[in-house]
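Open the model in a viewer and keep the selection panel at hand. The stops below are given in the order in which to select them.

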Amino acid sequence: MRTADAFDERAAVVVAARNLPRGHVLSAGDLDAALVLPGVVPHLEWSDGAAAALAGLAVTHSVPAGSLVTAGMLAAPAAGAFGDHLEVLVPVDTSLVPSGVAEGELVLLIDPGAAPSGSDPGRARRVIDTLVAESLAGNALRLFAPPAEWVQWQTLPARLGSLPMVLPVPLGGDAAGLAAELNAVWAAEHRQASAAGSPLGAAWETAGGPGLLQTVVPVDVSLSASGVAQGGLALLVDPGVPLDAASGGRPRSVLRSVRLDHYRDGLLGIWAEPAEWVWWQSLAQRLGAAPMLLRVSPDADTDAMSADLNEAWRKHWEQRW
C-alpha cells in the first residue's frame with residue numbers, strides 16, 4: 001500500500017501563523033497553511049475556508065508558531081476557562097497610543113495616578129506591570145488567570161479609580177529601562193504638582209512621619225504687629241468671646257506655644273497623631289473664630305508670659321462688663 005511518506009506526497013495542513021498563548025481566541029490571521037508529511041500525526045487539513053471556520057475557537061494550551069493545530073487543542077471559549085484559569089476582561093485606556101494596541105505587542109500597564117487636591121496628596125502615574133497583549137476585546141485586555149490573580153485583575157480599575165493605561169514597548173526595546181525612566185519623570189511631575197497645589201509647599205507634604213495626619217489651620221496674626229514668619233515661636237491664642245454675648249462669653253487666653261515649622265500667609269500646617277489631629281482640626285469650630293498667633297522671641301519664657309497675658313486679658317474682659 002502506498003503511503004504519503006513513501007512517495008513524498010505532502011499535504012496542506014493548518015499551522016499556527018504565530019505564537020498562540022494558552023486561552024487565545026483564534027482569528028483567521030492566526031492560522032496558515034503548510035505542506036508537510038503528516039502521516040498518522042493528528043492534523044487538520046487546510047482549505048480555503050479552514051481559517052474562517054476555526055476563528056472564534058480558543059487554544060487550550062500554547063502553540064508555537066509553525067506548529068500543527070489539531071482538533072484536540074481547540075475548545076469553545078468559556079466564561080470559566082481552561083483548567084484552573086479564569087477569563088477576565090480588563091478595560092484599558094489607550095489614549096497614550098493614538099494608533100491603538102495590537103495583539104501580540106509587549107505593553108506597559110500603567111496606573112494613571114491621581115492629581116493632588118486639598119488634603120489628598122494623590123499619587124504619581126507609574127508602571128505597574130509589563131505583559132503581552134495576547135488577546136484583545138475592543139479596548140480591553142483578555143486574560144486568563146488563576147483565581148487569586150483573577151480577583152486582582154477584575155478589581156484593578158476600581159482600585160485605581162480609573163482605567164489602567166497601556167503603552168507599547170518599541171520593538172526590541174528595554175521594557176524595564178523604559179518603565180524606570182517613565183516612573184522617574186512622572187514622580188517628578190507629581191512632586192511639582194503637589195508643591196504647586198499645596199499652600200505650604202512641597203517640604204510640608206513630606207514632613208510627616210508614620211501614623212501622623214496633616215491639617216492646615218487658618219490663623220489670625222493681628223496680635224503680631226511685626227508679622228509672623230516660618231521657623232519662629234508663637235503663642236496660640238483663643239480670641240475669646242465678649243462677656244455680653246448670648247453664650248456668656250470668655251476672656252482671651254493662651255492655648256499653648258507652637259513652633260512655626262510650617263507656616264505661610266496666615267496658614268499653620270500641623271502634623272499630629274490622630275487624637276491631637278482631631279483637636280487641631282476642630283479648633284476653629286470650637287472657638288467660633290480662627291485662633292490667633294502672637295509672635296514671641298525664641299528664648300521667651302512662654303509659661304510665664306502666658307500666665308501674665310491670661311491675667312491681663314481676664315481683667316480687661318471683666319471690665320468690659
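Start at Ile110 and select its bridge partner in β9, which is Met165. The model is predicted: local features need pLDDT of at least 70, side-chain atom pairs count only at pLDDT 80 or more, and totals for chains, interfaces and linings use all residues. Residues are numbered from 1 along each chain as its sequence is written, and side-chain values use heavy atoms, with hydrogens and water left out.

Now show β6 (106-111) together with β9 (residues 165-168). These strands pair in the antiparallel sense over 4 bridges; two strands pair if DSSP finds at least two bridges between them. Helices (H or I, at least four residues) and strands (E, at least two) are DSSP runs, numbered from the N terminus.

Buried means under 20% relative accessible area, exposed over 50%, and partly exposed in between, with a 1.4 Å probe and protein chains only.

Go back to β6 and select Asp111 with Arg123. They form a salt bridge whose closest N and O atoms are 2.8 Å apart; the term stands for a side-chain nitrogen of Lys or Arg within 4 Å of a carboxyl oxygen of Asp or Glu. The pair links distant parts of the chain, with Asp111 in strand β6 and Arg123 in the loop between β6 and β7 (126-132), 12 residues apart. Asp111 is buried at 2% relative accessibility, while Arg123 is partly exposed at 28%.

Next, select Glu87 and Arg142. Their side chains meet in a salt bridge of 2.4 Å, N to O. Glu87 lies in strand β5 and Arg142 in strand β8 (residues 140-145), so this pair ties together parts that are 55 residues apart in sequence. Are these two residues buried or exposed? Both Glu87 and Arg142 are buried.

Move to Glu103 and Arg18, whose side chains meet in a salt bridge at 3.5 Å, N to O. Glu103 sits in the loop between β5 (86-91) and β6, and Arg18 in the loop between β1 and β2, so the pair ties together parts that are 85 residues apart in sequence. Glu103 is partly exposed, with a relative accessible area of 33%; Arg18 is also partly exposed, at 24%.

Asp30 is buried, with a relative accessible area of 3%. Which residues does Asp30 touch, not counting residues up to four places away in sequence? They are Val15, Ala16, Ala17, Arg18, Leu20, His24 and Val25, where contact means heavy atoms within 4.5 Å. The side chains of Asp30 and His24 are also joined by a polar contact of 2.7 Å. A polar contact is a pair of N or O atoms within 3.5 Å; within protein, one must be able to donate a hydrogen and the other to accept it, and residues adjacent in sequence count only if both atoms are side-chain atoms.

The structure holds 9 salt bridges.

Finally, show the whole chain. The protein chain has 9 helices and 15 strands, and 34% of its 321 residues count as buried. Among contacts between residues at least 6 apart in sequence, 72% join residues at least 24 apart.
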